[in-house]
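I opened the notebook to look through this structure entry by entry. I wanted the overall make-up written down before turning to individual places.

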Amino acid sequence: MCPMNGQQEENLLLIDGFQEAYHVRLDKFDGPLDLLLHLIKKNELDICDIPIADITSQYLEYIRLMKNLNLDVAGDFLLMASTLLQIKSAMLLPRNEDNPEDEDETDPRAELIRRLLEYQQYKEAGMLMGARALLGREIFTRSYPEAELLAANQEEGPLELELFDLVDAFRSLLARIPVESFHEVAAADALSIADSINEILALLQERDMIEFDDLVRDDFTRERVIVTFLALLELCRLRMIRIFQNTHQGGIRFVPAVVEETGDDIVATV
Amino acid sequence: MSLSAIIESLVFSADAPVSLDQLCDLLHEYERPEIKTALLELVAFHENRNGGFHLVNVAGGWQFRTHSSLQQYVVRHVKTKSVKFSQSALETLAIVAYRQPVTRSEIEYLRGVDCGGVLRTLLEKKLIRILGKKDIPGRPLIYGTSKEFLETFGLKDLKSLPTLKEIQALDDVPHFEQQEELLLDSGNSPSSATQITFNLPE
């Protein structure tokens, strides 16, 4: 896009007044086709006979506003802008008079109109679908008692955990630790994730498994808990530990994920 | 015990919609037509009962579901999944539903925007699934809707989605009425030339 400094300043002046009004609106556009449809509706135009010059200038105006409002103008919007400009220039070219039979074919807008009509249909289809009574929102079924199923699953050993379960455990842990009501002025212990990782690894060498609750003692500060948690996440990311839960809602446990001989190499690279 | 009662017990105790085929498998001592009749009687019974729930045909099976009008009471004790769909999610879902099997680039062409994120979310919610790879250069993944999609949107099957033609007709109502007056003279049957029709894949 070529910078148009004079015009940009002019737009900035213009925007001061309109910022509020446009800000709310711009978020609604779900892509360039959506914006074009909005412009066509706003101007009460016929989709099948779009005045390209008008629409193009309005479209470009919106893009400029989006840029000035620091909204990310996705490449898709710019692609459509260039398509519009291309159509606009193609329409300025004189029509080929010798070939009147394929007049419809040569209308440079045909492709765009077809896409707009198609898009409009799916947009409406989507809106209708969203208006249906949805399971879990308007409509409910009996929830199946999962207790028996879980009992059947328990013999199969530890369940692998989702990251969210870990985050939940962490949140309940943080809730347990009282919020300090004073601020320490003295320099606190320097907390580092690397230290915490080493601590956890050392613990894991002593025993094969650590409980989440063992890792964090109640006298820890919030910072310490957070650092411990970050260390755990880092270890997970490096695939050095695996997280398990023995029962649903049970304690979360960690076991080393690597076998002994490769373990040393990885520790060296941390 | 009447057959209706037996079927009711099976549907009641199942954790997913039960299809007629499944019922026939489970109740091999009965004939299929008997089972079908008893099932329909059961549906009619629950419909006439005007109770809090009814027997609905979703995703090719039968399931007890509460009436949507009772939502405000049910949510007082049932934890609701946050079933929220953005406009882009609904549009994408509609395109997948009507155009399946469809590739990501086809969806992106129709919507004019990148759909990678939306598709991933829909896959995570299990509303769409990967059907396979298309036999064209690059072998892109092809997407279709899942059983969960039918269950969530309370659809018997894909054919029970309103056709795109019907959707457009809803939108065209005022236009349509205007035209009818003119047509009294000309005698033409009302038809819209600009309509594009799509047929759902069987």
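What percentage of the 270 residues of chain A count as buried? I found that 19% of the 270 residues of chain A count as buried, where a residue is buried if 20 or more other C-beta atoms lie within 10 Å of its own, exposed if 12 or fewer, and partly exposed in between, with C-beta atoms placed from the backbone. Before going on I noted that this is a predicted model, in which local features need pLDDT of at least 70 and side-chain atom pairs count only at pLDDT 80 or more, while totals for chains, interfaces and linings use all residues. I also noted that residues are numbered from 1 along each chain as its sequence is written, and that chains are lettered from A and ligands numbered from 1 in the order in which they are written.

**Entry: the two chains**

I looked up the secondary structure and found twelve helices and four strands in chain A; helices (H or I, at least four residues) and strands (E, at least two) are DSSP runs, numbered from the N terminus. Chain B has ten helices and five strands, and of its 202 residues 27% count as buried.

**Entry: where the chains touch**

I recorded that 33 residues of chain A are in contact with 37 residues of chain B. On the side of chain A that touches chain B, the elements that give two or more residues are helix 2, helix 4 (75-92) and helix 6 (110-130) of chain A, and the largest share, 13 residues, comes from helix 6 of chain A. By class, I read this side of chain A as 18 nonpolar, six polar and nine charged residues, with Ala, Val, Leu, Ile, Met, Phe, Trp, Tyr, Cys and Pro counting as nonpolar, Asp, Glu, Lys and Arg as charged, and the others, Gly among them, as polar.

**Entry: a helix pair in each chain**

In chain A I followed helix 2 (residues 32-42) and helix 3 (residues 52-68), which pack at an angle of about 125° with their axes 10 Å apart. That angle makes helix 2 of chain A oblique to helix 3 of chain A; angles under 35 degrees count as roughly parallel, over 145 as roughly antiparallel, 65 to 115 as roughly perpendicular and the rest as oblique. Axes are lines fitted to C-alpha atoms, for helices over the stretch in contact, and angles run from 0 to 180 degrees between N-to-C directions. I listed L35(A), L36(A) and L39(A) in helix 2 of chain A as meeting I55(A), Q58(A), Y59(A) and Y62(A) in helix 3 of chain A, a contact with six nonpolar, one polar and no charged residues.

In chain B I followed helix 1 (residues 3-13) and helix 3 (residues 32-49), which pack at about 75° with their axes 9 Å apart, so helix 1 of chain B is roughly perpendicular to helix 3 of chain B. This contact has six nonpolar, one polar and three charged residues.

**Entry: the cores**

I looked next for nonpolar cores, each a set of buried Ala, Val, Leu, Ile, Met, Phe, Trp, Tyr and Cys residues joined through C-beta atoms within 7 Å. Of the 60 residues in the largest one, A125(A), L93(B), A94(B), I95(B), V96(B) and L122(B) touch the most other members, and the largest share of this core, eight residues, comes from helix 5 (residues 87-99) of chain B. Apart from it lies another core, of 16 residues, among them L215(A), V216(A), L232(A) and I241(A).

The peptide bond from Q100(B) to P101(B) is cis, with omega near -5°, and P101(B) lies in the loop between helix 5 and strand 3 (102-103) of chain B. E44(A), in the loop between helix 2 and helix 3 of chain A, has a phi near 50°, and E44(A) counts as exposed because it has 6 C-beta neighbours inside 10 Å.

Definitions and conventions: Two residues are in contact if their C-beta atoms, placed from the backbone, lie within 7 Å.
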